[in-house]
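Have the structure open as you read.

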Amino acid sequence: MPTAGILIYINKKSIELMSKEEHQLIPKIYDNINHLTRGISTIKLWKSESYFIKNYQEVRDRVYGLKRNVYLKSNYIPVRTYEVIAIAGLLCVVIYGTYVGLEASGIIAYISIYAAVSFRVLPSINRIITSSNTLSSRSHVLDYIIANKADNKINIRRSQLEFNHQVELYKADFFYSGCDPILRSASMIVSKGDFIGLIGDSGSGKSTLLHLLSSLLIAQKGKLKIDGVSVDYSNMSNYRYLFSYVNQDVFILNDSILKNIAFADPNPNKAKIEECLKKVNLANWVDSLPNGIHTSIGELGSQISGGQRQRIAIARALYKDSEIFLFDEISNNLDEQSKAEILMTMKALKKEGKTAIFVTHNKEELEICNVIYSIENCKINRKERLL
(Lines give C-alpha, C1' and ligand atoms only; values in the text may rest on other atoms or scores of the structure.)
Protein backbone atom coordinates (compact mmCIF):
# COMPACT_ATOMS: atom_id res chain seq x y z
CA MET A 1 0.00 0.00 0.00
CA PRO A 2 2.74 2.57 0.78
CA THR A 3 4.28 1.73 -2.60
CA ALA A 4 0.94 2.43 -4.29
CA GLY A 5 0.72 5.78 -2.51
CA ILE A 6 4.21 6.74 -3.67
CA LEU A 7 3.38 5.79 -7.28
CA ILE A 8 0.14 7.79 -7.21
CA TYR A 9 1.94 10.84 -5.82
CA ILE A 10 4.77 10.69 -8.38
CA ASN A 11 2.41 10.31 -11.33
CA LYS A 12 -0.27 12.76 -10.21
CA LYS A 13 1.56 16.03 -10.85
CA SER A 14 3.03 14.88 -14.15
CA ILE A 15 -0.35 13.77 -15.51
CA GLU A 16 -2.10 16.95 -14.30
CA LEU A 17 0.46 19.20 -16.05
CA MET A 18 0.25 17.29 -19.33
CA SER A 19 -3.57 17.23 -19.25
CA LYS A 20 -3.81 20.96 -18.61
CA GLU A 21 -1.42 21.67 -21.49
CA GLU A 22 -3.49 19.40 -23.76
CA HIS A 23 -6.67 21.23 -22.66
CA GLN A 24 -5.08 24.60 -23.54
CA LEU A 25 -3.80 23.42 -26.94
CA ILE A 26 -6.98 21.80 -28.28
CA PRO A 27 -8.74 25.17 -28.93
CA LYS A 28 -5.69 26.19 -30.97
CA ILE A 29 -6.31 23.26 -33.30
CA TYR A 30 -9.82 24.54 -33.99
CA ASP A 31 -8.47 28.09 -34.37
CA ASN A 32 -6.05 26.89 -37.04
CA ILE A 33 -8.81 24.98 -38.85
CA ASN A 34 -11.00 28.10 -38.69
CA HIS A 35 -8.18 30.22 -40.12
CA LEU A 36 -7.61 27.78 -42.98
CA THR A 37 -11.30 27.59 -43.91
CA ARG A 38 -12.58 31.13 -43.37
CA GLY A 39 -9.41 32.86 -44.54
CA ILE A 40 -8.66 30.60 -47.49
CA SER A 41 -8.89 33.43 -50.07
CA THR A 42 -6.39 35.65 -48.25
CA ILE A 43 -4.13 32.69 -47.46
CA LYS A 44 -3.98 31.64 -51.12
CA LEU A 45 -3.31 35.19 -52.30
CA TRP A 46 -0.42 35.37 -49.84
CA LYS A 47 0.82 31.92 -50.91
CA SER A 48 0.98 31.08 -47.22
CA GLU A 49 -0.76 27.68 -47.18
CA SER A 50 2.37 25.94 -45.94
CA TYR A 51 2.74 28.40 -43.03
CA PHE A 52 -0.77 27.75 -41.67
CA ILE A 53 -0.61 24.02 -42.33
CA LYS A 54 2.72 23.85 -40.47
CA ASN A 55 1.21 25.70 -37.48
CA TYR A 56 -1.74 23.28 -37.46
CA GLN A 57 0.49 20.20 -37.69
CA GLU A 58 2.78 21.39 -34.89
CA VAL A 59 -0.10 21.91 -32.47
CA ARG A 60 -1.80 18.67 -33.57
CA ASP A 61 1.38 16.61 -33.08
CA ARG A 62 1.94 18.14 -29.65
CA VAL A 63 -1.63 17.32 -28.60
CA TYR A 64 -1.36 13.74 -29.87
CA GLY A 65 1.96 13.33 -28.04
CA LEU A 66 0.42 14.57 -24.79
CA LYS A 67 -2.59 12.26 -25.22
CA ARG A 68 -0.27 9.31 -25.79
CA ASN A 69 1.87 10.10 -22.74
CA VAL A 70 -1.16 10.65 -20.50
CA TYR A 71 -2.67 7.36 -21.65
CA LEU A 72 0.53 5.42 -21.02
CA LYS A 73 1.16 7.02 -17.62
CA SER A 74 -2.45 6.51 -16.59
CA ASN A 75 -2.94 2.90 -17.66
CA TYR A 76 0.35 1.07 -18.01
CA ILE A 77 3.49 2.51 -16.47
CA PRO A 78 2.44 2.71 -12.77
CA VAL A 79 0.54 -0.59 -12.90
CA ARG A 80 3.41 -2.51 -14.44
CA THR A 81 5.86 -0.78 -12.10
CA TYR A 82 3.83 -1.95 -9.11
CA GLU A 83 3.81 -5.52 -10.44
CA VAL A 84 7.62 -5.40 -10.75
CA ILE A 85 7.85 -4.10 -7.18
CA ALA A 86 5.57 -6.93 -6.01
CA ILE A 87 7.88 -9.52 -7.63
CA ALA A 88 10.90 -7.76 -6.10
CA GLY A 89 9.16 -8.03 -2.74
CA LEU A 90 8.82 -11.76 -3.24
CA LEU A 91 12.53 -12.03 -3.92
CA CYS A 92 13.21 -10.01 -0.77
CA VAL A 93 11.20 -12.56 1.24
CA VAL A 94 13.36 -15.37 -0.15
CA ILE A 95 16.60 -13.47 0.51
CA TYR A 96 15.50 -12.54 4.04
CA GLY A 97 14.53 -16.12 4.84
CA THR A 98 17.88 -17.41 3.56
CA TYR A 99 19.79 -14.71 5.44
CA VAL A 100 18.23 -15.45 8.85
CA GLY A 101 18.60 -19.17 8.33
CA LEU A 102 14.95 -20.19 7.99
CA GLU A 103 14.24 -23.70 6.87
CA ALA A 104 12.92 -24.29 3.38
CA SER A 105 9.44 -25.04 4.76
CA GLY A 106 9.38 -21.69 6.59
CA ILE A 107 10.48 -19.78 3.49
CA ILE A 108 7.85 -21.56 1.42
CA ALA A 109 5.22 -20.64 4.02
CA TYR A 110 6.21 -16.95 3.91
CA ILE A 111 6.23 -17.00 0.11
CA SER A 112 2.77 -18.60 0.07
CA ILE A 113 1.35 -15.99 2.42
CA TYR A 114 2.94 -13.14 0.48
CA ALA A 115 1.78 -14.55 -2.87
CA ALA A 116 -1.79 -15.11 -1.59
CA VAL A 117 -2.04 -11.58 -0.20
CA SER A 118 -0.53 -10.09 -3.37
CA PHE A 119 -2.90 -12.13 -5.55
CA ARG A 120 -5.91 -10.74 -3.67
CA VAL A 121 -4.70 -7.16 -3.16
CA LEU A 122 -2.76 -6.43 -6.36
CA PRO A 123 -5.81 -6.14 -8.72
CA SER A 124 -7.52 -3.73 -6.30
CA ILE A 125 -4.38 -1.62 -5.96
CA ASN A 126 -4.03 -1.54 -9.76
CA ARG A 127 -7.62 -0.30 -10.07
CA ILE A 128 -7.01 2.38 -7.41
CA ILE A 129 -3.89 3.58 -9.23
CA THR A 130 -5.67 3.63 -12.62
CA SER A 131 -8.69 5.48 -11.20
CA SER A 132 -6.48 8.01 -9.44
CA ASN A 133 -4.53 8.63 -12.65
CA THR A 134 -7.77 9.05 -14.64
CA LEU A 135 -8.99 11.65 -12.13
CA SER A 136 -5.65 13.45 -12.32
CA SER A 137 -5.84 13.54 -16.12
CA ARG A 138 -9.21 15.31 -15.90
CA SER A 139 -8.48 17.49 -12.87
CA HIS A 140 -8.91 20.69 -14.95
CA VAL A 141 -12.49 19.60 -15.76
CA LEU A 142 -13.24 18.97 -12.09
CA ASP A 143 -11.75 22.36 -11.17
CA TYR A 144 -14.03 24.05 -13.71
CA ILE A 145 -17.14 22.22 -12.47
CA ILE A 146 -16.39 23.08 -8.84
CA ALA A 147 -15.75 26.74 -9.68
CA ASN A 148 -18.91 26.89 -11.83
CA LYS A 149 -21.01 25.43 -9.03
CA ALA A 150 -19.62 28.03 -6.64
CA ASP A 151 -20.52 30.80 -9.10
CA ASN A 152 -24.02 29.38 -9.50
CA LYS A 153 -24.54 29.34 -5.73
CA ILE A 154 -23.52 33.00 -5.56
CA ASN A 155 -25.87 33.89 -8.43
CA ILE A 156 -28.76 31.99 -6.86
CA ARG A 157 -28.36 34.03 -3.68
CA ARG A 158 -28.66 37.27 -5.66
CA SER A 159 -32.02 38.23 -7.14
CA GLN A 160 -32.42 38.72 -10.90
CA LEU A 161 -31.10 42.15 -11.88
CA GLU A 162 -33.50 44.60 -13.46
CA PHE A 163 -32.77 47.63 -15.61
CA ASN A 164 -35.15 50.36 -14.49
CA HIS A 165 -33.14 53.58 -14.66
CA GLN A 166 -29.53 53.61 -15.83
CA VAL A 167 -26.22 51.83 -16.32
CA GLU A 168 -23.17 53.84 -15.33
CA LEU A 169 -19.53 53.32 -16.21
CA TYR A 170 -17.48 55.57 -13.91
CA LYS A 171 -13.84 56.60 -14.40
CA ALA A 172 -12.79 53.35 -16.03
CA ASP A 173 -9.23 52.67 -17.16
CA PHE A 174 -8.61 49.82 -19.56
CA PHE A 175 -5.62 48.46 -21.44
CA TYR A 176 -4.72 45.14 -22.99
CA SER A 177 -1.70 43.37 -21.54
CA GLY A 178 1.52 44.85 -22.85
CA CYS A 179 -0.29 47.60 -24.81
CA ASP A 180 -0.91 51.31 -24.38
CA PRO A 181 -4.12 52.35 -22.57
CA ILE A 182 -7.30 52.18 -24.67
CA LEU A 183 -9.48 54.22 -22.29
CA ARG A 184 -8.53 56.52 -19.43
CA SER A 185 -10.97 57.71 -16.76
CA ALA A 186 -13.86 56.84 -19.08
CA SER A 187 -17.33 57.68 -17.79
CA MET A 188 -20.65 57.07 -19.50
CA ILE A 189 -24.32 56.90 -18.48
CA VAL A 190 -26.86 54.80 -20.37
CA SER A 191 -30.41 55.71 -19.35
CA LYS A 192 -33.34 53.41 -20.02
CA GLY A 193 -34.80 54.20 -23.44
CA ASP A 194 -31.65 55.92 -24.72
CA PHE A 195 -30.50 55.44 -28.29
CA ILE A 196 -26.81 56.26 -28.11
CA GLY A 197 -24.43 56.76 -31.01
CA LEU A 198 -20.75 56.00 -30.50
CA ILE A 199 -18.25 57.50 -32.94
CA GLY A 200 -14.47 57.65 -33.18
CA ASP A 201 -11.51 56.70 -35.30
CA SER A 202 -10.73 53.08 -36.07
CA GLY A 203 -8.95 51.53 -33.08
CA SER A 204 -10.04 54.28 -30.70
CA GLY A 205 -11.78 51.82 -28.37
CA LYS A 206 -15.44 51.83 -29.46
CA SER A 207 -15.89 48.05 -29.44
CA THR A 208 -13.86 47.85 -26.22
CA LEU A 209 -16.29 50.28 -24.60
CA LEU A 210 -19.25 48.08 -25.59
CA HIS A 211 -17.51 45.11 -24.00
CA LEU A 212 -16.81 47.09 -20.82
CA LEU A 213 -20.45 48.22 -20.57
CA SER A 214 -21.66 44.63 -20.94
CA SER A 215 -18.93 43.34 -18.53
CA LEU A 216 -17.43 41.07 -21.19
CA LEU A 217 -14.22 42.95 -20.38
CA ILE A 218 -13.33 44.13 -16.89
CA ALA A 219 -11.69 47.52 -16.42
CA GLN A 220 -8.44 47.65 -14.45
CA LYS A 221 -9.83 50.65 -12.61
CA GLY A 222 -13.26 52.23 -12.21
CA LYS A 223 -16.80 51.13 -11.43
CA LEU A 224 -19.75 49.70 -13.32
CA LYS A 225 -23.23 50.08 -11.81
CA ILE A 226 -26.81 49.32 -12.74
CA ASP A 227 -29.49 51.32 -10.90
CA GLY A 228 -26.91 52.09 -8.23
CA VAL A 229 -25.91 48.43 -7.70
CA SER A 230 -22.24 47.61 -8.38
CA VAL A 231 -21.62 44.93 -10.95
CA ASP A 232 -19.20 42.28 -9.66
CA TYR A 233 -18.61 38.57 -9.96
CA SER A 234 -21.60 37.79 -7.73
CA ASN A 235 -24.14 39.29 -10.15
CA MET A 236 -22.21 39.49 -13.42
CA SER A 237 -23.98 36.56 -15.09
CA ASN A 238 -27.40 38.11 -14.47
CA TYR A 239 -26.12 41.52 -15.57
CA ARG A 240 -24.79 40.16 -18.86
CA TYR A 241 -28.15 38.56 -19.60
CA LEU A 242 -29.64 42.05 -19.98
CA PHE A 243 -27.52 42.64 -23.10
CA SER A 244 -27.49 41.40 -26.67
CA TYR A 245 -24.56 42.05 -28.99
CA VAL A 246 -24.88 42.27 -32.78
CA ASN A 247 -21.82 42.95 -34.93
CA GLN A 248 -20.83 42.67 -38.59
CA ASP A 249 -19.85 39.02 -38.26
CA VAL A 250 -23.09 37.65 -36.82
CA PHE A 251 -22.85 34.32 -35.00
CA ILE A 252 -25.15 31.96 -36.90
CA LEU A 253 -25.81 28.29 -36.19
CA ASN A 254 -25.74 25.80 -39.05
CA ASP A 255 -29.40 25.10 -38.37
CA SER A 256 -32.92 26.38 -38.99
CA ILE A 257 -34.25 29.91 -38.60
CA LEU A 258 -36.21 28.70 -35.57
CA LYS A 259 -33.10 27.32 -33.84
CA ASN A 260 -31.11 30.47 -34.61
CA ILE A 261 -33.70 32.73 -33.02
CA ALA A 262 -34.56 30.50 -30.04
CA PHE A 263 -30.82 29.79 -29.69
CA ALA A 264 -30.32 28.13 -26.28
CA ASP A 265 -34.03 27.66 -25.52
CA PRO A 266 -34.69 23.87 -25.50
CA ASN A 267 -38.45 24.46 -25.91
CA PRO A 268 -38.85 27.23 -28.52
CA ASN A 269 -41.99 29.35 -28.41
CA LYS A 270 -43.07 29.44 -32.08
CA ALA A 271 -45.63 32.19 -31.55
CA LYS A 272 -43.00 34.40 -29.94
CA ILE A 273 -40.52 33.65 -32.74
CA GLU A 274 -43.09 34.65 -35.35
CA GLU A 275 -43.77 37.89 -33.45
CA CYS A 276 -40.05 38.65 -33.36
CA LEU A 277 -39.79 38.01 -37.10
CA LYS A 278 -42.59 40.53 -37.69
CA LYS A 279 -40.77 43.15 -35.64
CA VAL A 280 -37.64 42.81 -37.78
CA ASN A 281 -39.61 42.72 -41.06
CA LEU A 282 -38.71 39.14 -41.93
CA ALA A 283 -42.13 37.51 -41.52
CA ASN A 284 -43.12 37.74 -45.20
CA TRP A 285 -39.77 36.39 -46.36
CA VAL A 286 -39.93 33.45 -43.93
CA ASP A 287 -43.53 32.67 -44.97
CA SER A 288 -42.40 32.49 -48.59
CA LEU A 289 -39.87 29.74 -47.82
CA PRO A 290 -40.96 26.11 -48.44
CA ASN A 291 -40.15 25.05 -44.87
CA GLY A 292 -40.90 28.38 -43.18
CA ILE A 293 -39.09 28.87 -39.86
CA HIS A 294 -37.72 25.33 -40.16
CA THR A 295 -35.63 26.32 -43.20
CA SER A 296 -31.89 25.76 -42.73
CA ILE A 297 -29.79 28.85 -43.38
CA GLY A 298 -26.49 27.04 -43.90
CA GLU A 299 -23.11 27.20 -42.23
CA LEU A 300 -22.45 30.74 -40.96
CA GLY A 301 -25.73 31.81 -42.62
CA SER A 302 -24.25 31.25 -46.08
CA GLN A 303 -27.67 30.74 -47.69
CA ILE A 304 -29.08 34.17 -46.75
CA SER A 305 -28.02 37.79 -47.25
CA GLY A 306 -26.00 39.90 -44.84
CA GLY A 307 -29.02 42.04 -44.00
CA GLN A 308 -31.10 38.96 -43.23
CA ARG A 309 -28.37 37.62 -40.95
CA GLN A 310 -28.31 40.91 -39.04
CA ARG A 311 -32.07 40.93 -38.58
CA ILE A 312 -32.14 37.30 -37.47
CA ALA A 313 -29.59 38.30 -34.80
CA ILE A 314 -31.85 41.19 -33.74
CA ALA A 315 -34.85 38.81 -33.66
CA ARG A 316 -32.79 36.54 -31.42
CA ALA A 317 -32.17 39.46 -29.06
CA LEU A 318 -35.90 40.28 -29.03
CA TYR A 319 -36.75 36.65 -28.29
CA LYS A 320 -34.37 36.78 -25.34
CA ASP A 321 -36.18 39.93 -24.08
CA SER A 322 -32.91 41.83 -23.97
CA GLU A 323 -33.00 45.22 -22.27
CA ILE A 324 -29.95 46.75 -23.98
CA PHE A 325 -28.92 46.22 -27.60
CA LEU A 326 -25.31 46.70 -28.64
CA PHE A 327 -24.84 47.26 -32.38
CA ASP A 328 -21.25 47.26 -33.63
CA GLU A 329 -20.98 48.62 -37.20
CA ILE A 330 -23.80 46.32 -38.30
CA SER A 331 -24.66 48.23 -41.49
CA ASN A 332 -21.11 48.21 -42.85
CA ASN A 333 -20.66 46.22 -46.07
CA LEU A 334 -24.42 45.97 -46.64
CA ASP A 335 -26.21 47.12 -49.79
CA GLU A 336 -28.53 50.13 -49.66
CA GLN A 337 -31.71 48.07 -49.44
CA SER A 338 -30.36 46.03 -46.53
CA LYS A 339 -29.27 49.21 -44.76
CA ALA A 340 -32.76 50.66 -45.16
CA GLU A 341 -34.33 47.49 -43.74
CA ILE A 342 -31.94 47.50 -40.76
CA LEU A 343 -32.73 51.18 -40.12
CA MET A 344 -36.46 50.41 -40.19
CA THR A 345 -35.91 47.68 -37.59
CA MET A 346 -33.95 50.07 -35.38
CA LYS A 347 -36.71 52.68 -35.54
CA ALA A 348 -39.21 50.01 -34.48
CA LEU A 349 -37.02 49.13 -31.49
CA LYS A 350 -36.92 52.80 -30.49
CA LYS A 351 -40.73 53.04 -30.63
CA GLU A 352 -40.91 50.05 -28.25
CA GLY A 353 -38.77 51.94 -25.74
CA LYS A 354 -35.74 49.66 -26.05
CA THR A 355 -32.26 50.87 -25.17
CA ALA A 356 -29.51 50.67 -27.79
CA ILE A 357 -25.90 51.72 -28.32
CA PHE A 358 -24.57 52.01 -31.87
CA VAL A 359 -20.97 51.98 -33.00
CA THR A 360 -21.54 53.64 -36.35
CA HIS A 361 -20.64 56.44 -38.72
CA ASN A 362 -23.85 56.05 -40.68
CA LYS A 363 -25.56 59.45 -40.63
CA GLU A 364 -29.08 58.01 -40.81
CA GLU A 365 -28.43 55.76 -37.82
CA LEU A 366 -26.96 58.64 -35.83
CA GLU A 367 -30.03 60.76 -36.58
CA ILE A 368 -32.26 58.40 -34.55
CA CYS A 369 -29.91 58.67 -31.54
CA ASN A 370 -30.79 61.10 -28.75
CA VAL A 371 -27.22 61.09 -27.38
CA ILE A 372 -23.88 60.78 -29.15
CA TYR A 373 -20.52 60.00 -27.55
CA SER A 374 -17.18 60.34 -29.29
CA ILE A 375 -13.92 58.67 -28.25
CA GLU A 376 -10.79 60.74 -28.73
CA ASN A 377 -7.37 60.34 -27.11
CA CYS A 378 -8.66 57.61 -24.75
CA LYS A 379 -11.43 59.91 -23.47
CA ILE A 380 -15.21 59.76 -23.88
CA ASN A 381 -16.89 63.03 -24.81
CA ARG A 382 -20.66 63.50 -24.84
CA LYS A 383 -22.49 65.37 -27.57
CA GLU A 384 -26.20 66.05 -27.58
CA ARG A 385 -26.44 65.75 -31.35
CA LEU A 386 -24.16 65.26 -34.30
CA LEU A 387 -22.83 68.53 -35.69
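Helices here are DSSP runs of H or I with at least four residues, numbered from the N terminus. On that basis, Glu365 sits in helix H14, residues 363–367. Keep in mind that this is a predicted model.

Is Glu365 buried or exposed? Glu365 comes out as buried, because its relative accessibility is 4% and the cut-off for buried is under 20%. Leu217 is in the loop between helix H7 (206–213) and strand S4 (221–226). With 21% relative accessibility, Leu217 counts as partly exposed.

| Residue | In contact with |
|---|---|
| Ile261 | Ile273, Leu277, Ile312, Ala315, Arg316 and Tyr319 |
| Leu217 | Phe174, Tyr176, Thr208, His211 and Leu212 |
| Glu365 | Ser331, Leu343, Met346, Phe358 and Thr360 |

One of the Leu217 partners is Phe174. Leu217 and Phe174 are 43 residues apart along the chain, with 8.9 Å between their C-alpha atoms.

Now for the cores. The largest nonpolar core has 39 residues, and the members touching the most others are Ile261, Leu277, Phe327 and Phe358. Elements giving two or more residues to this core include strand S3 (195–200), helix H9 (257–262), helix H12 (306–319) and strand S8 (355–359). H12 supplies the largest share of this core, seven residues. Another core of 31 residues lies apart from it, and Val167, Ile196, Leu224 and Ile375 are among its members.

Technical notes
Residues are numbered from 1 along each chain as its sequence is written. This is a predicted model: local features need pLDDT of at least 70, side-chain atom pairs count only at pLDDT 80 or more; totals for chains, interfaces and linings use all residues. Side-chain values use heavy atoms; hydrogens and water are left out. A nonpolar core is a set of buried Ala, Val, Leu, Ile, Met, Phe, Trp, Tyr and Cys residues joined through side-chain atoms within 4.5 Å. Buried means under 20% relative accessible area, exposed over 50%, partly exposed in between (1.4 Å probe, protein chains only). Contact means heavy atoms within 4.5 Å. Lists of a residue's contacts leave out its neighbours within four places in sequence.
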